[in-house]
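Hi,

Here is the structure I promised to pass on to you.

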Amino acid sequence: MRGQSVVSDGLSSLPKPLVLVVEDEAALVTMLRYNLEKQGYRVAEASDGQDALNQIQEQQPDIVLLDWMLPSLSGIEVCRQIRRKPATRDLPVIMVTARTGDQDAVRGLNTGADDYIAKPFNIDALLARMRALLRRSNAVPEKGQLNFHDIEMDLSTHRVTRDTRRVHLGPTEFRLLEFFMRHPRRVFSREELLDAVWGHDIHVEPRTVDVHIRRLRKSMNDDGELDVVRTVRAAGYALDTEPA
Ligand code: CA
C-alpha cells in the first residue's frame, strides 16, 4: 500500500493515492488506468454506481473519478450518497460529464462534486485537477500530526497537547477528537458521530455520545481555557473556537 509515489506537487511523501474510477466505458477505464498508474496512482475500478458505493465503503479511496452517466445509480446519486455520510463527506470527487454542454447543468444541480471535466478530456488537464484536489483535501497521513487552534495531536504517539499542556484522553475521546480535528468547524449529529467514531455495526445509544463529549470537553478545557467543543442545539457538536 505504501510505495514510492511519482505524483508531483508535494504529494511524493504520502503513500500512493488510491483513485476509484467509476466508469462503464471499458476503453476509457483502460486508458485511465494506464495513465494514472504511470503517474504513481493506485487504481480501483467500478463499472456502475452501486458497485462504486460498495467499494468506497470497503476501502475509501483518496479521490473518485465519477462518470455522470452510469448504469443502475447515476453519478449524481452516487455523489449525493458520498456527501451524505460523515466518513466520506470530504472525499474529493471529480465528475466526468458526457458533453461540454452538460457542465452548466451539473454545476446548477449542485451535487457536491468538487470539480467537473467534460469528455473527451485531455489527460494532463485531468491529472492537474486531481493533484489540485488531493493537495486541498484532508490528505493527512495515518501517522501524521493534526493541528487545530492550540491543540496538537500526534497520531503515531497518541500524544495530545493543548498549548504546552499534555492532555490525557481515553481511547474513545481520542478517536472523537481525531475525527473532529480531521473535520474542524463542521457540525456533526450524534448519529453521524456514532457512525464515524464507533462504526456502523455497533449499537450504541445516541446519548452515549454526550457522555464522551462531556469527558472530552473536561480533558480539553482547563480552567480559563476557551471551550473548543461547540454544542449546536438540536444539531450536534463541532470542534470550533467560535461561539454558536
Ligand atoms: Ca458512462
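This is a predicted model: local features need pLDDT of at least 70, side-chain atom pairs count only at pLDDT 80 or more; totals for chains, interfaces and linings use all residues.

As for the geometry, helix 2 spans residues 49-58 and helix 3 spans residues 75-84; their axes are 9 Å apart and the packing angle is about 20°. Angles under 35 degrees count as roughly parallel, so helix 2 is roughly parallel to helix 3. The crossing of these two helices is right-handed.

Next, have a look at Asp-67, which sits in strand 3 (residues 63-67). Is Asp-67 buried or exposed? Its relative accessibility is 3%, so Asp-67 counts as buried, the cut-off being under 20%. What does the side chain of Asp-67 make a polar contact with? The partner is the side chain of Lys-119, at 3.3 Å. If you set aside neighbours within four places in sequence, the residues in contact with Asp-67 are Val-22, Glu-23, Asp-24, Gly-75, Met-95, Val-96 and Lys-119.

Lys-119 turns up again in the backbone: the peptide bond joining Lys-119 to Pro-120 is cis, with omega at about -5°. Pro-120 belongs to the loop that runs between strand 5 (115-118) and helix 5 (123-136). For context, most peptide bonds are trans, and most residues other than glycine have a negative phi.

- Arg-185 has a positive phi, near 70°, and is not a glycine. You will find Arg-185 in the loop between helix 6 (171-182) and helix 7 (190-198). With a relative accessible area of 52%, Arg-185 is exposed, because the cut-off for that class is over 50%.
- Ala-234, also not a glycine, has a positive phi of about 65°. The loop holding Ala-234 lies between strand 10 (229-232) and strand 11 (236-239). Ala-234 is exposed as well, at a relative accessible area of 90%.

That is what I have for you on this one. Happy browsing!

Best wishes

Methods:
Residues are numbered from 1 along each chain as its sequence is written. Side-chain values use heavy atoms; hydrogens and water are left out. Axes are lines fitted to C-alpha atoms, for helices over the stretch in contact, and angles run from 0 to 180 degrees between N-to-C directions. Helices (H or I, at least four residues) and strands (E, at least two) are DSSP runs, numbered from the N terminus. Angles under 35 degrees count as roughly parallel, over 145 as roughly antiparallel, 65 to 115 as roughly perpendicular and the rest as oblique. A crossing is left-handed if the near helix is turned anticlockwise from the far one by less than a right angle, and right-handed if clockwise. Buried means under 20% relative accessible area, exposed over 50%, partly exposed in between (1.4 Å probe, protein chains only). A polar contact is a pair of N or O atoms within 3.5 Å; within protein, one must be able to donate a hydrogen and the other to accept it, and residues adjacent in sequence count only if both atoms are side-chain atoms. Contact means heavy atoms within 4.5 Å.
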